[in-house]
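Let's take a friendly walk through this structure together. Have the sequence and the 3D view open as you read.

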Amino acid sequence: MGNQLLKIVQYVLGLGPTVMLPIVIFILAICFRVKVTKALRSAITIGIGFVGIYAIFGILTNNLGPATQALVKNSGINLPVMDLGWPPLSAITWAAPIAPFVILITILINIIMIAFKWTKTVDIDIWNYWHFAFAGALVYSATNSFALGMIASAIVAVVVIKLADWCAPAVQDYFNLPGISLPTLSSAVFFPIGVLGDKIIDKIPGLNKLKADPETIQKKFGVFGEPMMIGLILGVLLGIVAKYDLKGILNLGINLGAVMLILPRMVRILMEGLLPLSDAIKKILQKKYPGRSDLYIGLDIAVAIGNPAVIATALLLTPVAVLLAVAIPGNRILPLGDLANLAVMISMVVLATKGNVIRSFIIGIPIMIGDLLVATAVAPTVTNIAKSIKFQFPAGYNGQISSFLDGGNPFRFWILKIFQGNIIALVLIPVVGFIVYALVKSTKKAAEKANVTL
Amino acid sequence: MKKKIIFVCATGIATSTVVAEKVTEYCKEKGINVEYQQCNVASLPTFDGNADLIISTTNVPYKLETKVVNALPIITGFGEEELLDKIVDILKEE
């Protein structure tokens, strides 16, 4: 029986995500009482999204593959790992066998945490459950244990929900979002780093007085805000350094610009297909807690990103990311797909510094160095996950894929290393635990003080 | 009549899709034909003046000619109906 079940699972997985994912999502949607016709339509949409991702991934590898080879040959810069950005990574995660189980267990964890008053956050941002599932998929791929993968996902979900609680008062005050918390892993885990960095900079004379005007930066660096312009500029630069001829340089520029514009749009199609399911779950959670003003609604970081200081800092960091990728020894990833998404990473750091662009920029640099090295280290595992779900790699392409920010997320990497029994990762548990505990206490104290003076 | 809307979120992919689906469906019911695009916040200045309305999930840190509506109620679900009606009113006035 067990053997047969395993055979069925393997057969379904073997169909590849374009067929397998629609089947899984259709079943899940029916379970959550989505209408059959709607469930069917959205399931098919998801499969189509994947077809689109393959097509554009092909354009990316056809252009960037030879370019990175020419780069190492003609300039000695070796950055062979491809940065797909978070959208394809999330698509791959949704197709991983662990994902549907993580959705269910995250809902369960959230309900239990609220019941026992361990959290105030009702995380209705179902789409971002993929962040938890990806942690589980990494652990599952590295340890071959589905159970460990599930435990990893569960721990990550709990930590992120707690982090969302911690920064909620600051989020509500500074971003002007009453009643809201932001359990988006790719932002929340950098809040403690931001608080710590802010405290360190406080102690450095000179530096602690610096400020910059977000509006001026937005005007001067605005070009780095548009994905297609980032792709174009990077492509042209890459072509020049790789010693392409003019035709080659211009073509690489246009093609990378195209990938930056089109690849996320394909993931959007997949996203459209997930909507009815996420809507159904959202409604169940909303119905369960009607009008509870003591609870926070957990949303995507999208509601906070329009802060001028967040945008300005992200614009400043974008060219720096490319310089760091070339300069940092041991880095093998060329930032591209995630290059337009630095605002997501830096938003909670900006919150921790209360909108100080200079401070956030300084704190952002070591974070990006860490992200680059982690994204490099995690690339083989990400590539394995992609292959395990039968993600189609173009014929002849045997390089590695990763993502600068979400592959490079240090928190998820830490969890992965803990589950692999890495000594340093284990030793870091009490160390980081103590530092975060101290930071939580200090932010609470500061908040109380502020209340008194009011 | 055909109306053009720009939907804005963090990266122009996830949350803006949620809002876009809801708004376009509602507009269709009310007989308004909507054509739309999605983008991230930092791309927004290049779209200014090319649309009838900008609907953003977040604060828009630019001074723009095009009218901007905050879509937060659609994401949280509280005040969703009222906002959708308001959007339809704005589009009909334009």
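## Before we start

A quick word on the element names: helices are DSSP runs of H or I with at least four residues, strands are runs of E with at least two, and both are numbered from the N terminus. Please keep in mind that this is a predicted model.

## Chain A as a whole

Chain A has 17 helices and six strands. Its radius of gyration is 22 Å, close to the 22 Å that the globule rule gives for 454 residues, so chain A is as compact as a globular protein of that length. Taken along the principal axes, the box filled by its C-alpha atoms is roughly 65 × 60 × 45 Å.

How much of chain A is buried? Of its 454 residues, 52% count as buried. If you look at contacts in chain A between residues at least 6 apart in sequence, 81% of them join residues at least 24 apart.

## The nonpolar core

The largest nonpolar core has 185 residues. Which residues have the most contacts inside it? They are A:A133, A:C167 and A:A188.

Setting aside neighbours within four places in sequence, A:A133 is in contact with A:T93, A:A96, A:I98, A:A99, A:V102 and A:S153.

## A parallel sheet in chain A

Three strands of chain A form an open sheet in the order β5-β1-β6, with parallel pairing. β5 (333–334) and β6 (401–402) of chain A stand at the edges, each with a single partner strand, so one side of each is left without a neighbour in the sheet.

Strand β1 (residues 81–83) of chain A pairs with β5(A) over two bridges, in the parallel sense. To find this pairing on screen, look for A:V81, which stands opposite A:I333 in β5(A).

## Two loop residues with positive phi

A:R33 is not a glycine, yet it has a positive phi of about 65°. A:R33 lies in the loop between α2 (17–31) and α3 (36–75) of chain A. Is A:R33 buried or exposed? A residue with 12 or fewer other C-beta atoms within 10 Å of its own is exposed; A:R33 has 10 C-beta neighbours inside 10 Å, so it counts as exposed.

A:K354, also a residue other than glycine, has a positive phi, near 55°. The loop that holds A:K354 runs between α14 (342–352) and α15 (357–388) of chain A. With 13 C-beta neighbours inside 10 Å, A:K354 counts as partly exposed.

## Strands of chain B

Strand β3 (residues 53–56) of chain B is covered on both faces. B:L53 and B:I55 on one side, and B:I54 and B:S56 on the other, are all buried.

β3(B) runs parallel to strand β1 (residues 2–9) of chain B, and four bridges join the two. B:I5 has B:L53 in β3(B) as its bridge partner. β3(B) also pairs in the parallel sense with strand β4 (residues 68–70) of chain B, over three bridges. Here B:I54 stands opposite B:V68 in β4(B).

## Where the chains meet

The contact between the chains takes 29 residues from chain A and 27 residues from chain B. On the side of chain B that touches chain A, the elements giving two or more residues are α1 (15–29), β2 (33–40), α2 (44–47) and α3 (72–76) of chain B. α1(B) gives the most to this side, with four residues. By type, the residues on this side of chain B divide into twelve nonpolar, 14 polar and one charged.

Definitions and conventions:
Residues are numbered from 1 along each chain as its sequence is written. Chains are lettered from A and ligands numbered from 1 in the order in which they are written. This is a predicted model: local features need pLDDT of at least 70, side-chain atom pairs count only at pLDDT 80 or more; totals for chains, interfaces and linings use all residues. Two residues are in contact if their C-beta atoms, placed from the backbone, lie within 7 Å. Ala, Val, Leu, Ile, Met, Phe, Trp, Tyr, Cys and Pro count as nonpolar, Asp, Glu, Lys and Arg as charged, and the others, Gly among them, as polar. The radius of gyration is taken over C-alpha atoms; the globule rule is 2.2 Å times the number of residues to the power 0.38. A residue is buried if 20 or more other C-beta atoms lie within 10 Å of its own, exposed if 12 or fewer, and partly exposed in between; C-beta atoms are placed from the backbone. Two strands pair if DSSP finds at least two bridges between them. A nonpolar core is a set of buried Ala, Val, Leu, Ile, Met, Phe, Trp, Tyr and Cys residues joined through C-beta atoms within 7 Å.
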